[in-house]
Amino acid sequence: MKVLVTGVKGQLGYDVVNELNCRGHIAVGVDKEEMDVTDEASVARVLNEVKPEAVIHCAAWTAVDAAEDNEESVRLVNAVGTENIVLECKKLGCKLLYVSTDYVFDGRGDEPWKPDCKDYKPLNIYGKTKLEGELAVAGALEKFFIVRIAWVFGKNGKNFIKTMLNVGKTHDTVRVVNDQIGTPTYTFDLARLLVDMIETDKYGYYHATNEGGYISWYDFTKEIFRQAGYSTKVIPVTTAEYGLSKAARPFNSRLDKSKLTVNGFKPLPDWKDALSRYLKELYGSDKS
(Lines give C-alpha, C1' and ligand atoms only; values in the text may rest on other atoms or scores of the structure.)
Protein backbone atom coordinates (compact mmCIF):
# COMPACT_ATOMS: atom_id res chain seq x y z
CA MET A 1 0.00 0.00 0.00
CA LYS A 2 1.23 3.50 -0.78
CA VAL A 3 0.69 5.79 2.22
CA LEU A 4 1.35 9.52 2.47
CA VAL A 5 2.35 10.63 5.98
CA THR A 6 2.26 14.31 6.96
CA GLY A 7 4.46 15.75 9.69
CA VAL A 8 7.30 13.32 9.03
CA LYS A 9 9.74 15.42 11.08
CA GLY A 10 7.51 15.28 14.16
CA GLN A 11 7.41 12.71 16.95
CA LEU A 12 4.65 10.59 15.46
CA GLY A 13 5.13 11.01 11.72
CA TYR A 14 8.74 9.84 12.01
CA ASP A 15 7.72 6.59 13.71
CA VAL A 16 4.77 5.99 11.37
CA VAL A 17 7.01 6.15 8.30
CA ASN A 18 9.46 3.73 9.89
CA GLU A 19 6.65 1.30 10.77
CA LEU A 20 5.22 1.44 7.23
CA ASN A 21 8.65 0.76 5.74
CA CYS A 22 9.22 -2.17 8.12
CA ARG A 23 6.02 -3.78 6.84
CA GLY A 24 6.88 -3.34 3.18
CA HIS A 25 4.46 -0.52 2.43
CA ILE A 26 5.48 2.45 0.29
CA ALA A 27 5.73 5.35 2.73
CA VAL A 28 5.92 8.89 1.41
CA GLY A 29 6.73 11.22 4.30
CA VAL A 30 6.26 14.96 3.86
CA ASP A 31 6.77 17.97 6.09
CA LYS A 32 5.99 21.63 5.45
CA GLU A 33 8.96 21.98 3.07
CA GLU A 34 7.50 19.34 0.74
CA MET A 35 3.80 20.10 1.28
CA ASP A 36 2.32 23.17 2.94
CA VAL A 37 -0.98 21.88 4.35
CA THR A 38 -2.30 25.44 4.62
CA ASP A 39 -1.95 25.89 0.83
CA GLU A 40 -4.71 24.12 -1.08
CA ALA A 41 -2.68 24.11 -4.29
CA SER A 42 0.36 22.59 -2.57
CA VAL A 43 -1.76 19.79 -1.07
CA ALA A 44 -3.48 19.10 -4.40
CA ARG A 45 -0.16 18.97 -6.24
CA VAL A 46 1.52 16.54 -3.83
CA LEU A 47 -1.44 14.18 -3.41
CA ASN A 48 -2.01 14.02 -7.16
CA GLU A 49 1.66 13.31 -7.75
CA VAL A 50 1.85 10.61 -5.07
CA LYS A 51 -1.65 9.18 -5.59
CA PRO A 52 -1.68 7.44 -2.19
CA GLU A 53 -4.13 4.73 -1.21
CA ALA A 54 -4.16 6.19 2.30
CA VAL A 55 -3.08 9.32 4.15
CA ILE A 56 -2.01 9.38 7.80
CA HIS A 57 -2.28 13.01 8.85
CA CYS A 58 0.10 13.62 11.76
CA ALA A 59 1.04 17.24 11.02
CA ALA A 60 -0.43 19.74 13.47
CA TRP A 61 0.24 22.84 15.52
CA THR A 62 0.75 21.26 18.95
CA ALA A 63 2.31 24.09 21.01
CA VAL A 64 -0.72 24.45 23.28
CA ASP A 65 0.20 27.61 25.19
CA ALA A 66 1.62 29.41 22.15
CA ALA A 67 -1.63 28.64 20.33
CA GLU A 68 -3.52 31.04 22.61
CA ASP A 69 -1.72 34.01 21.05
CA ASN A 70 -1.76 32.69 17.47
CA GLU A 71 -5.32 31.55 16.83
CA GLU A 72 -5.37 32.42 13.12
CA SER A 73 -2.11 30.59 12.42
CA VAL A 74 -3.16 27.57 14.48
CA ARG A 75 -6.51 27.35 12.69
CA LEU A 76 -4.76 27.50 9.32
CA VAL A 77 -2.70 24.42 10.20
CA ASN A 78 -5.11 22.33 12.27
CA ALA A 79 -8.44 23.13 10.61
CA VAL A 80 -7.86 24.60 7.14
CA GLY A 81 -4.89 22.32 6.52
CA THR A 82 -6.99 19.29 7.39
CA GLU A 83 -9.83 20.51 5.17
CA ASN A 84 -7.37 20.78 2.27
CA ILE A 85 -6.26 17.18 2.79
CA VAL A 86 -9.87 16.00 3.15
CA LEU A 87 -10.78 17.63 -0.18
CA GLU A 88 -8.05 15.78 -2.06
CA CYS A 89 -8.67 12.46 -0.28
CA LYS A 90 -12.31 12.70 -1.34
CA LYS A 91 -11.33 13.32 -4.96
CA LEU A 92 -8.83 10.45 -4.95
CA GLY A 93 -11.06 8.08 -2.96
CA CYS A 94 -8.27 7.27 -0.50
CA LYS A 95 -8.49 6.49 3.21
CA LEU A 96 -7.64 9.18 5.74
CA LEU A 97 -6.44 8.66 9.30
CA TYR A 98 -6.57 11.89 11.29
CA VAL A 99 -4.69 12.07 14.57
CA SER A 100 -6.64 14.11 17.13
CA THR A 101 -6.51 14.80 20.85
CA ASP A 102 -8.18 14.45 24.23
CA TYR A 103 -8.33 18.27 24.22
CA VAL A 104 -11.52 18.21 22.13
CA PHE A 105 -13.27 17.46 25.46
CA ASP A 106 -13.59 19.81 28.44
CA GLY A 107 -12.27 17.30 30.97
CA ARG A 108 -15.20 17.39 33.37
CA GLY A 109 -15.94 14.52 35.74
CA ASP A 110 -13.87 11.39 36.16
CA GLU A 111 -15.46 8.94 33.70
CA PRO A 112 -13.35 7.92 30.69
CA TRP A 113 -14.38 9.65 27.47
CA LYS A 114 -15.78 7.24 24.89
CA PRO A 115 -14.57 7.60 21.29
CA ASP A 116 -18.07 8.11 19.87
CA CYS A 117 -18.98 10.78 22.46
CA LYS A 118 -19.98 14.04 20.77
CA ASP A 119 -20.02 16.21 23.91
CA TYR A 120 -17.28 18.48 22.60
CA LYS A 121 -16.36 21.52 24.66
CA PRO A 122 -12.67 22.25 24.09
CA LEU A 123 -11.08 24.59 26.60
CA ASN A 124 -8.34 26.11 24.46
CA ILE A 125 -7.45 27.18 20.91
CA TYR A 126 -5.50 24.00 20.21
CA GLY A 127 -8.47 21.82 21.19
CA LYS A 128 -10.94 23.99 19.25
CA THR A 129 -8.92 23.83 16.04
CA LYS A 130 -8.27 20.10 16.32
CA LEU A 131 -12.02 19.60 16.74
CA GLU A 132 -12.61 21.69 13.61
CA GLY A 133 -10.26 19.29 11.83
CA GLU A 134 -12.23 16.31 13.14
CA LEU A 135 -15.49 17.79 11.91
CA ALA A 136 -14.00 18.44 8.47
CA VAL A 137 -12.95 14.79 8.21
CA ALA A 138 -16.19 13.25 9.47
CA GLY A 139 -18.37 15.68 7.53
CA ALA A 140 -16.92 14.91 4.10
CA LEU A 141 -15.49 11.38 4.08
CA GLU A 142 -16.73 7.84 4.60
CA LYS A 143 -13.34 6.10 4.68
CA PHE A 144 -11.84 7.78 7.73
CA PHE A 145 -10.27 7.02 11.09
CA ILE A 146 -10.16 9.66 13.80
CA VAL A 147 -7.75 8.59 16.54
CA ARG A 148 -7.56 10.68 19.71
CA ILE A 149 -4.38 10.42 21.74
CA ALA A 150 -2.97 12.12 24.85
CA TRP A 151 0.30 12.93 26.62
CA VAL A 152 2.48 12.06 23.63
CA PHE A 153 6.18 11.30 23.77
CA GLY A 154 8.59 10.15 21.07
CA LYS A 155 12.17 10.40 19.88
CA ASN A 156 11.74 13.51 17.72
CA GLY A 157 10.87 16.93 19.10
CA LYS A 158 9.99 18.21 22.56
CA ASN A 159 7.90 16.35 25.12
CA PHE A 160 7.18 16.16 28.85
CA ILE A 161 9.71 13.41 29.56
CA LYS A 162 12.59 15.33 27.98
CA THR A 163 11.56 18.45 29.89
CA MET A 164 11.43 16.63 33.22
CA LEU A 165 14.78 14.92 32.63
CA ASN A 166 16.40 18.29 31.91
CA VAL A 167 14.79 19.95 34.94
CA GLY A 168 15.65 17.00 37.18
CA LYS A 169 19.33 17.36 36.34
CA THR A 170 19.52 20.89 37.69
CA HIS A 171 16.91 21.02 40.48
CA ASP A 172 16.64 19.22 43.80
CA THR A 173 12.83 19.49 43.71
CA VAL A 174 10.20 19.99 41.01
CA ARG A 175 6.53 20.95 41.35
CA VAL A 176 4.16 18.92 39.16
CA VAL A 177 0.37 19.00 38.91
CA ASN A 178 -1.50 16.05 40.39
CA ASP A 179 -5.10 16.94 39.43
CA GLN A 180 -4.86 16.36 35.66
CA ILE A 181 -5.44 12.66 34.99
CA GLY A 182 -4.74 10.63 31.84
CA THR A 183 -2.34 8.12 30.30
CA PRO A 184 0.85 8.66 28.24
CA THR A 185 1.20 7.63 24.59
CA TYR A 186 4.52 6.45 23.14
CA THR A 187 4.69 7.25 19.43
CA PHE A 188 6.66 4.09 18.65
CA ASP A 189 3.77 1.97 19.98
CA LEU A 190 1.09 4.22 18.51
CA ALA A 191 2.65 4.03 15.04
CA ARG A 192 2.18 0.26 15.05
CA LEU A 193 -1.49 0.64 15.88
CA LEU A 194 -2.08 3.33 13.24
CA VAL A 195 -0.58 1.12 10.54
CA ASP A 196 -2.69 -1.79 11.81
CA MET A 197 -5.74 0.43 11.35
CA ILE A 198 -4.89 1.74 7.90
CA GLU A 199 -4.52 -1.85 6.69
CA THR A 200 -8.22 -2.40 7.49
CA ASP A 201 -11.56 -0.83 6.67
CA LYS A 202 -12.72 -0.66 10.31
CA TYR A 203 -13.40 3.05 10.07
CA GLY A 204 -14.60 5.40 12.79
CA TYR A 205 -13.53 7.14 15.97
CA TYR A 206 -10.97 5.54 18.30
CA HIS A 207 -9.01 6.40 21.44
CA ALA A 208 -5.45 5.19 21.81
CA THR A 209 -2.94 5.61 24.63
CA ASN A 210 -0.66 3.13 26.33
CA GLU A 211 -2.24 0.76 28.84
CA GLY A 212 -1.46 0.65 32.56
CA GLY A 213 -4.23 2.72 34.09
CA TYR A 214 -4.87 6.40 34.62
CA ILE A 215 -2.26 8.59 36.34
CA SER A 216 -1.46 12.23 37.07
CA TRP A 217 1.48 14.20 35.68
CA TYR A 218 2.88 13.94 39.22
CA ASP A 219 2.71 10.12 39.10
CA PHE A 220 4.28 10.16 35.65
CA THR A 221 7.17 12.37 36.80
CA LYS A 222 7.91 10.17 39.82
CA GLU A 223 8.19 7.14 37.54
CA ILE A 224 10.34 9.02 35.03
CA PHE A 225 12.81 9.95 37.78
CA ARG A 226 12.70 6.45 39.30
CA GLN A 227 13.53 4.76 36.01
CA ALA A 228 16.14 7.38 35.13
CA GLY A 229 17.82 6.98 38.52
CA TYR A 230 17.25 10.60 39.59
CA SER A 231 16.93 11.53 43.27
CA THR A 232 14.98 14.71 42.48
CA LYS A 233 12.03 15.19 44.82
CA VAL A 234 8.63 15.63 43.17
CA ILE A 235 6.12 17.87 44.95
CA PRO A 236 2.45 17.49 44.01
CA VAL A 237 0.51 20.72 43.39
CA THR A 238 -2.89 21.61 41.99
CA THR A 239 -3.23 23.23 38.58
CA ALA A 240 -4.27 26.44 40.34
CA GLU A 241 -1.17 26.34 42.55
CA TYR A 242 1.09 25.66 39.56
CA GLY A 243 -0.41 28.56 37.65
CA LEU A 244 2.09 28.88 34.80
CA SER A 245 0.06 27.71 31.79
CA LYS A 246 -1.55 30.20 29.43
CA ALA A 247 -3.96 27.62 27.97
CA ALA A 248 -6.54 25.84 30.11
CA ARG A 249 -5.99 22.06 30.34
CA PRO A 250 -8.64 19.38 30.88
CA PHE A 251 -8.54 17.77 34.33
CA ASN A 252 -10.00 14.51 33.01
CA SER A 253 -8.07 13.11 30.04
CA ARG A 254 -9.11 9.53 30.69
CA LEU A 255 -9.81 7.93 27.31
CA ASP A 256 -11.87 4.77 26.92
CA LYS A 257 -9.88 2.49 24.61
CA SER A 258 -12.16 -0.57 24.68
CA LYS A 259 -13.26 -0.02 21.07
CA LEU A 260 -9.78 -1.08 19.95
CA THR A 261 -10.13 -4.65 21.20
CA VAL A 262 -13.77 -4.83 20.10
CA ASN A 263 -12.56 -4.19 16.55
CA GLY A 264 -9.65 -6.62 16.78
CA PHE A 265 -6.82 -4.14 17.30
CA LYS A 266 -4.03 -4.91 19.75
CA PRO A 267 -3.83 -2.42 22.65
CA LEU A 268 -0.61 -0.53 23.28
CA PRO A 269 1.76 -1.89 25.96
CA ASP A 270 1.82 -0.66 29.55
CA TRP A 271 3.07 2.94 29.84
CA LYS A 272 5.80 1.98 32.35
CA ASP A 273 7.17 -0.51 29.85
CA ALA A 274 6.93 2.15 27.13
CA LEU A 275 8.81 4.62 29.32
CA SER A 276 11.56 2.07 29.97
CA ARG A 277 12.00 1.42 26.25
CA TYR A 278 11.92 5.13 25.50
CA LEU A 279 14.65 5.96 28.02
CA LYS A 280 16.82 3.24 26.48
CA GLU A 281 16.14 4.72 23.04
CA LEU A 282 17.18 8.16 24.28
CA TYR A 283 20.21 7.21 26.36
CA GLY A 284 20.96 3.53 26.04
CA SER A 285 22.35 2.39 29.39
CA ASP A 286 23.55 5.92 30.22
CA LYS A 287 20.67 7.92 31.74
CA SER A 288 22.87 10.56 33.35
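Asp189 is buried, with a relative accessible area of 5%; buried means under 20%, exposed over 50%, and partly exposed in between, with a 1.4 Å probe and protein chains only. Asp189 belongs to helix H7 (residues 187–198); helices (H or I, at least four residues) and strands (E, at least two) are DSSP runs, numbered from the N terminus. This is a predicted model, in which local features need pLDDT of at least 70 and side-chain atom pairs count only at pLDDT 80 or more, while totals for chains, interfaces and linings use all residues. Residues are numbered from 1 along each chain as its sequence is written, and side-chain values use heavy atoms, with hydrogens and water left out.

Apart from neighbours within four places in sequence, Asp189 is in contact with Asn210, Leu268, Pro269, Ala274 and Arg277, contact meaning heavy atoms within 4.5 Å.

In H11, Trp271, Ala274, Leu275, Tyr278 and Leu279 are buried. They cover an arc of only 135° around the axis, so they are on the same side of H11; the arc is that of the directions from the helix axis to the C-beta atoms. After H11 comes Gly284, with a positive phi near 65°.

The structure also holds 20 salt bridges, each a side-chain nitrogen of Lys or Arg within 4 Å of a carboxyl oxygen of Asp or Glu. One of them joins Glu199 and Arg23 (3.2 Å, N to O). This pair links distant parts of the chain, 176 residues apart. Glu199 is partly exposed at 36% relative accessible area, and Arg23 is also partly exposed, at 29%.
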